[in-house]
Amino acid sequence: MSALARLHRPATVEEAVRLLAGGDGERTRLLAGGATLVAMLNAGLVDPAELVSLAAVDELRGIGTLPDGGLRIGAMTRHRETAADVRLAGTLAVLREAAARIANPVVRNMGTIGGSISFADPAADYPPALVAADAAVEIAGPQGRRRVPAREFFVDWYATALGPNEMVTAILLAPRAPGLGSYDKLYRVAGDYAIVSVALSVAWRDGACARAGLAVGGCGPRPLHLDEADELLRAGRLGAQAARRAGELLAAAADPLDDVRASAAYRRRVIPRMVERALAAARDELSRTA
Amino acid sequence: MNPKLHSVLTINGERRDVLAPASATLLDALRSVLGLTGTKRGCNHGVCGACTVLLDGKLARACLTLAADVGERAVVTIEGIGGNGGLSPVQRALVEHGAIQCGFCTPGVVIALSELFARDPRPDRGAIRGALSGNLCRCSGYAKIVEAAERLAGEAR
């Protein structure tokens, strides 16, 4: 039987952090949308003594525009909202596409971006998308707020840069640039976690690639990303040769597991194909729109 | 250990007192505390869709929602869909087109389709299939469920 004794519903981030810090370490957990934590609670995989629900914290809700034109996605923003936000266009479309591919409409209506990335399942859809878009994660803790690049936030299997008594408050995105973002995943059935996923964000200006971000999900402890692959794609203007080389580099750097979805060897074989497919689609889109 | 928490939930328009363990889900509260057993417990981890309810008009899994975390959100269960004991148009369409086999998934299907028709009275096949993508039918009776929804959409045209 569950040991859960209390459920707090603070109204502010500061209060949530205080409750977290005042609790009994791992026995006090944050509750966001519940899509993962309540499922684990039901299955007896976690046994917290106290939960701090973030449902009543207004600051964590919704997507806002920052003074510099960038976007701030509150940690409690549901996947459904992210999947529908037209401001996530151009280089930032990768995030909208990833959100639209999570699970099913009901889970997208419950699950939150903060909860998802804090759980940090490397086969989940947001981690590679945030890495490709070079987003930052805003974190609150007893010492106040700090920012961590998404590329440093995911550190290992189900492990993040969050310290004790810290929580994710928002995702911060630089202003969108003209170009494109895309997210593709290979799956057993629609809505499942990825076997391999490829997230791409490309800034394109005057027929040249100003910036490319490419990340692979489902193939190791954290989203797979190589500065060298991004630079190859940028310098090679997303060409077929650059795509092939980037795919090979990523496959060589991947550290996938054999699991119920696919073998590690299969994943390594598929990475270059998925990368080439994503880049071919990107070239096609740019030739039509740019 | 495991004290019960008191919550006041708004369920199908009525305020209801719920006394349940802190770990009780909305699904536990509906079925075991309030006797509203129309909402089904299938997988209990958010995959099958049998426990789907509306929270403030939006789809939610009752099994992934803690009863004590529902707060002020209004809950609508399958018992609240028809009103006055009658059938809703979605329910009538499913009955008329034989879109029910064992019936275990049906409450969740009705809720999912009700939410769809509330925002789009004339959904096409793609929208219907998308709306049902979070509901598993172990009898694999999908074809008739989709057809029933298409007929209902056709009547609105």
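This is a predicted model: local features need pLDDT of at least 70, side-chain atom pairs count only at pLDDT 80 or more; totals for chains, interfaces and linings use all residues.
Trainee: What hand does the crossing of α2(B) and α5(B) have?

Mentor: Right-handed. Residues are numbered from 1 along each chain as its sequence is written, with chains lettered from A and ligands numbered from 1 in the order in which they are written.

Trainee: Why are α2(B) and α5(B) called oblique to each other?

Mentor: Helix α2 (residues 89–96) and helix α5 (residues 142–155) of chain B pack at about 125°, with axes 9 Å apart. Under 35 degrees is roughly parallel, over 145 roughly antiparallel, 65 to 115 roughly perpendicular, and the rest oblique. The pair is therefore oblique. The axes are lines fitted to C-alpha atoms, for helices over the stretch in contact, and angles between N-to-C directions run from 0 to 180 degrees.

Trainee: Which residues make that contact?

Mentor: Pro89(B), Val90(B), Ala93(B) and Leu94(B) come from α2(B), and Ile145(B), Ala148(B), Ala149(B), Arg151(B) and Leu152(B) from α5(B). Contact needs C-beta atoms, placed from the backbone, within 7 Å. By class there are eight nonpolar, no polar and one charged residues. Ala, Val, Leu, Ile, Met, Phe, Trp, Tyr, Cys and Pro count as nonpolar, Asp, Glu, Lys and Arg as charged, and the others, Gly among them, as polar.

Trainee: What makes α2(B) oblique to α3(B)?

Mentor: An angle of about 125° again, with the axes 9 Å apart, and that makes α2(B) oblique to α3(B). Here Val90(B), Gln91(B) and Leu94(B) meet Thr106(B), Val110(B), Leu113(B), Ser114(B) and Phe117(B). The classes come out as five nonpolar, three polar and no charged.

Trainee: How do you know that α3(B) is mostly covered?

Mentor: Of its 14 residues, 12 are buried, and buried takes 20 or more other C-beta atoms within 10 Å of a residue's own, against 12 or fewer for exposed, with partly exposed in between. Val109(B) and Glu115(B) are among the buried ones. The cover includes β3 (52–55), β4, α2, α4 and α5 of chain B.

Trainee: And how does the reach of α3(B) compare with what is expected?

Mentor: From first C-alpha to last, α3(B) reaches 20 Å, close to the 20 Å expected. The expected span is 1.5 Å times one less than the number of residues.

Trainee: Why is α10(A) called roughly antiparallel to α11(A)?

Mentor: Helix α10 (residues 240–253) and helix α11 (residues 264–289) of chain A cross at roughly 150°, their axes coming within 8 Å. That angle makes the two roughly antiparallel. The contact holds eight nonpolar, one polar and four charged residues.

Trainee: Why does Asp56(B) count as partly exposed?

Mentor: Asp56(B) has 13 C-beta neighbours inside 10 Å, so it falls in the partly exposed range. This residue lies in the loop between β3 and β4 of chain B, and its phi is near 50°, positive although it is a residue other than glycine.

Trainee: What about Asn165(A), with its positive phi?

Mentor: Phi is about 60° there, and Asn165(A) is not a glycine either. With 19 other C-beta atoms within 10 Å, Asn165(A) is partly exposed.

Notes: Helices (H or I, at least four residues) and strands (E, at least two) are DSSP runs, numbered from the N terminus. A crossing is left-handed if the near helix is turned anticlockwise from the far one by less than a right angle, and right-handed if clockwise. Two residues are in contact if their C-beta atoms, placed from the backbone, lie within 7 Å.
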